[in-house]
Amino acid sequence: MPRGRELPDITRRRSPLHGWGVFALEPINKNRRIITYDGQLIDHKESLNRRWVRDAMVGGNVARFINHACRPNCYSQIVGHEIWIRAGRNIKPGEELTYDYHTDGEQVIECRCRPGCERRL
């Protein structure tokens, strides 16, 4: 879907959570589509469920900089082979966009979504 007024304005900048982040430049209403998570479609052969994944390092967009949070303000929605990031609640201008990565990794990375979070990714 081409970027136009049907998608909200967002920007990448340094994040207080971790590295780079993505921030709203305008109010975003709950459930509104914000951006697709772009990247090369790859078979995830190691997965028992034979899922697919996107490699945002190849053909990705600014969505790759959206940080994880255990209490996010966005969620991901899979439609065919597209991954949409959508607002989980009303988001104010200047607010950082976050979603739960739902990783099934080795749980060795400390979550930085808020002080005191004990989750590992």
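The legends below describe close-up views of a predicted model.

**View 1. The open sheet formed by S3, S8 and S7**. Three strands, in the order S3-S8-S7, make up this open sheet, and their pairing is antiparallel. Strand S3 (33-36) and strand S7 (74-79) are the edge strands, each of which pairs on one side only. From one strand to the next, the twist averages 30°.

**View 2. The pairing of S7 with S8**. Strand S8 (residues 82-87) runs antiparallel to S7, and the two are joined over six bridges. Within this pairing, Gln-77 has Trp-84 in S8 as its bridge partner.

**View 3. The salt bridge between Glu-26 and Arg-32**. This pair is one of three salt bridges counted in the model, and its N to O distance is 3.5 Å. Glu-26 counts as buried because its relative accessibility, 13%, falls under 20%, whereas Arg-32 is partly exposed, with a relative accessible area of 23%.

**View 4. The salt bridge between Arg-89 and Glu-95**. Here the side chains of Arg-89 and Glu-95 meet with an N to O distance of 2.3 Å, and Arg-89 counts as partly exposed at 37% relative accessibility.

**View 5. The salt bridge between Arg-119 and Asp-100**. The closest N and O atoms of Arg-119 and Asp-100 are 3.0 Å apart. Both residues lie in the segment after strand S9 (98-99), so the pair ties together parts that are 19 residues apart in sequence. Arg-119 is partly exposed, with a relative accessible area of 29%, while Asp-100, at 13% relative accessibility, counts as buried.

Definitions and conventions:
Residues numbered from 1 in each chain as written. Predicted model: local features only at pLDDT ≥ 70, side-chain atom pairs only at ≥ 80, totals over all residues. Heavy atoms only, no water. Pairing = 2+ DSSP bridges. Helix = DSSP H or I, 4+ residues; strand = E, 2+ residues; numbered from the N terminus. Axes fitted to C-alpha atoms, helices over the stretch in contact; angles between N-to-C directions. Salt bridge = Lys/Arg side-chain N within 4 Å of Asp/Glu carboxyl O. Buried < 20%, exposed > 50% of the residue type's maximum accessible area, 1.4 Å probe, protein only.
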